[in-house]
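Me: I would like to learn how to read chain contacts, a hairpin and a helix face. Can we work through one example?

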Amino acid sequence: MLILILLLLPLITAIAIAVIPGISGQLSKNIGGGISLVNFLIFIYGLIQFQKGDTVLLDYSHVWLSNANINFSLSADGISQVLLGLVTFITMVVIHIAGSFDYKQSSLLYILILLTESALIGVFTATDIFLFYFFFEISLIPVYFLALKWGGENAPKITFRMFVYTIFGSLLMLSAIIFLYTKGQTASIQELAITGKALPKNVNILLFLAFIVAFGIKMPMFPFHTWQPDAYTESPTPATILLAALLSKMGVYGLLRIALPLAPIGWNQLGIYIVILAIFGLIYGSIIAIKQNNLKKILAYSSFAHMGLMAAGILTGNLSGTQGAVIQMLAHGINVAGLFYIVKIIQDRTGSRNLEGLGGLSQKAPVLTVLFMIVLLGSVALPLTNGFVGEFLLLKSVFDYNNTLGVIAGLTIIFGAVYMLRMMQKAMFGQLLPANENILDVNKSELMVLVPICLLVILFGMFPNLILNSTVEAAKAFTQLMSNI
Amino acid sequence: MLSQFGFILLFIVGAFLMLAGILGMARLLRPDKPNDQKLLSYESGENAEGGSLVSFNIRFYVIALIFVLFEVELVFLFPWSVVFGDKQLIEQTNGLWGWFSMAEMFVFIFILSLGLVYAWAQGHLDWLRPDQKVNPFKSEIPSDLYENINKKYS
Amino acid sequence: MYPILFLSFSGLITLFLGFFQEGKWVKPATILFLAIASISAFIDWNKPGAYFFNMLQVNNFNLLLSLVILITAILIVAISDNFKEIEYAHSAEYYAIMQFSLVGAIMMTNFQSLIMLFLGVEILSVSMYVLTGTDKRNLRGNEAAIKYFLLGAFATGILLFGIAMIYGGVGAFEIDAISGTLASNQAQSLFLYIGLVMLLIGLLFKLAAAPFHFWTPDVYEGAPTIFTLFMATIVKTAVVFALYRILHQSFQNMHLSWSYILAGCIALSLIIGNLSAVKQISFKRMLAFSSISHAGFLLLGLLHVSKTADKSLLFYSVSYLLASTSAFGVLLALKNERTENGRSNENISVFKGLATRSPFLSAVLIISMLSLAGIPLTGGFWSKFYVLTDAANDQFFYLIVLALLLTAVGVYYYFKPIITVFEKSDIQEAITINPIFKIIFVLTTLGTLVLGLFPDLLYGMI
């Protein structure tokens, strides 16, 4: 029941803001922020109850399409809980960030953000495949409109490309789902896993490919990534954070919950090639990131690289890969939100997001530099930051899977350090440009976002067991499913 | 064994053969001396003037349509009149049949005449002549001059 | 049956109402008549039977179809505006013809004898030929009417020929009798096959399915928008259910023969409809091509003889009706916004800046486009879902993959208007919307969303 409240609260709030006339932008920001905070607290309450052993709170099921045997069933196990936490937390952050810049007609902005939150909660908890697909596809719509309305000059073209790409992928997935559904006559993901296992090899391979394309586009994974750097760059910062921190996780989550369990023989046959692709994308993205000068592009390529490693970890199908991917999803979500926000702050202060127009900002904004450094080190995967645990587990899993691939994937740590530290050095240190003489340090409102993020970076870095213990059961269930094919 | 369609085919073939036979026989028997007058489309002595693709007044078509409507109505009246007087049916229904079929036909004709009334009310039956154009030219000679001359010499 | 009788007479009354007070009562009277006709359908509720010497069949599903058609007609009449923009308009005639055409549409969905089907097709088609050409001074309208008439008359001829052939093969016009004969005999006469193919051609033409779609773009573009809407919704629904009754209720035993013809038409309709729509500038032309692709989807629902085909098709039709009414309605609401040479601009660019000028209209347009594209949250998604799951079997699974891939192409062109809505425009003033339009838009948009969220409300009810 609790999970239904989590899902419906943002939705109802969004509808209320849209329908009730005369709600100003400022008021809707306060309402949206308040509701997202309430949602976060509800989630924390649910989590505590869950730890006490009361699982009923995070389960809900109701008949949706009686004739077609499709149910509106939600359930959150350990992995879903981690992602729910990420969603509720990042939504709060995004609403706060959106409020600190003035966007025109802003009540629509908060409506769209709240709708996204609702859809994402649905994606990460759905246990019915059509419900999953339903939320998977609609989660993109509010973000698309966010990016279209408040994006840069080329936004219509670029966001449209993103939309068509992802829709193409999800329609391929839909045909695979319909095939499985007509074979199995059930829509529950758990029961479909049995159906998937019984299907012949060549069908299984096709299903697996369809799923890989769908989720590969969403993450994005090499070679389906071409929409991503431009879309991240052209979108307004709230939309970019939603895309990079939350929507991309849907792809990894889909691999974990749909692609591998429902087409296990296909995975068995093709998994190695997809891992190779993912690792190739990881190296490729890292190398491109080193050459970039646009801050947002560097972050876009870096997150492309990180997603590749997560995909590879899931595709190995072993315990450390699964747990590493889950913890890395959380870490990457938090870090990338912080990084994009800092880039937005720098851009607003200096009017530039190119490395040439920056430099020496640490002299004028020391606090910002320190915060930037913490989040950035988390992203580089320094020990004692949240990125380290995930990356370590992921690399270990790839290494266990195939030694050579593990060695190649290990390069990402070096490359990551290179492009991230290069960005840090060029932007914050060195010669201060005369145009940037008068920039200000972070203000209170910005600290309200950045300090919690930095604390989380360190918290999860020091106590990774918080996450590892709560996800171990769900991850074990997954690996068990994948081990006996 | 021929099916029903086979008979129809035979019928069509027969019709063509018959037509060809009659026309062919006429061709063989008749004298053939054409001249200009004989080759005119109307042999009434009127010479045709101009092309056949001139535009007619649109009202011709409206009137023709209404005419066709009532022509077609007759086609329905013939079979009806046969059934109307069917003795067996009248006996079976105790004479009610006649009234029933009479009423039905009146409904039919009523609806048709409604169409006529509509066309009438819309003014499609009025034959409007084109407005006569009055020449705006003003003559310097007073108009009663001619009348006076007429009077004088009458 | 009662709606048929009632509408035949109310149409005549409407004609003469045009003489009183410059015809200002015509539109309200038409809505009233249609409402009474809808209510009169309930006289036969739960009383299945046959009328007119077993030529018309009445059961609850058929009555539901009549109701759907009549209610759509009420929506369409409500957003029409007495045809002020047409020179020398005889609005009473148009409303009367619309009522007559509904008689034809209801006959097509309730027929039992093929003769009744032919009568229905003719009544509906002749009305549509006239309505297409109502704007006499519009050259495109004239071209559309002539094209529609010539091609349509030809198709009706083929249809009639097909009916005659079927009679030759089976010796009956009633669909029950045909299906009975087919079930008992194994070897069928050649005439039956020819007849069925001709019947299919005639009806597929009316449905605008490829390769019989050539008239569609010109006619949709040339006809006044309100009649384009009429064609896209009511005519399509009527024809689909006529096809359903023929293929699923009388020729279901010849499934093997017709399913391949249908599969070819589906593939062609989807490919031609979706790919041609991509490059269109005119909104109406784009919707015309999209209607071809929707014809493909509707046929996909007919492909497989299953117990749920009728439900799926009705669901599809209803969600398509709602979305089309919104889409064309927005175009009608913007009729006077930008004009060229005294005619309203019907290009996609007319929506420019709508987001700031009228958020309400842009929301209506966006939701209708999303529904036509088949994005979740709207009725369009579930309608595609039902049709596809009905059609899903091993034999034709490639058609489903094709349909879904072309849906991605569909997203491409359905999003063009949406992007245009957010473009900046030189005109900033707000648009005032007629309150009747507002009510209709709220109804259709809410309907689309409710179907998207709770499809069981409609699907479970049928």
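Reply: We take the contacts, then the hairpin, then the helix. This is a predicted model, where local features need pLDDT of at least 70, side-chain atom pairs count only at pLDDT 80 or more, and totals for chains, interfaces and linings use all residues. Residues are numbered from 1 along each chain as its sequence is written, with chains lettered from A and ligands numbered from 1 in the order in which they are written.

Me: Of the two pairs of chains in contact, which share the most contacts?

Reply: Two residues are in contact if their C-beta atoms, placed from the backbone, lie within 7 Å. Chains A and C share the most contacts. Chain A gives 23 residues and chain C gives 22 residues. H7(A) supplies the largest share of chain A's side, 13 residues. Helices are DSSP runs of H or I, at least four residues, and strands are runs of E, at least two, numbered from the N terminus. Chains A and B have no contact; their closest C-alpha atoms lie 46 Å apart.

Me: How many bridges join S1(A) to S2(A)?

Reply: Strands pair if DSSP finds at least two bridges between them. Here six bridges join the two, and the strands run antiparallel. Asp59(A) stands opposite Ser75(A). Four residues lie between the strands, and Asn69(A) takes a positive phi near 60°.

Me: Which residues of H8(A) are buried?

Reply: Buried means 20 or more other C-beta atoms within 10 Å of a residue's own, with C-beta atoms placed from the backbone. They are Ile189(A), Leu192(A), Ala193(A) and Gly196(A).

Terms used: A residue is buried if 20 or more other C-beta atoms lie within 10 Å of its own, exposed if 12 or fewer, and partly exposed in between; C-beta atoms are placed from the backbone.
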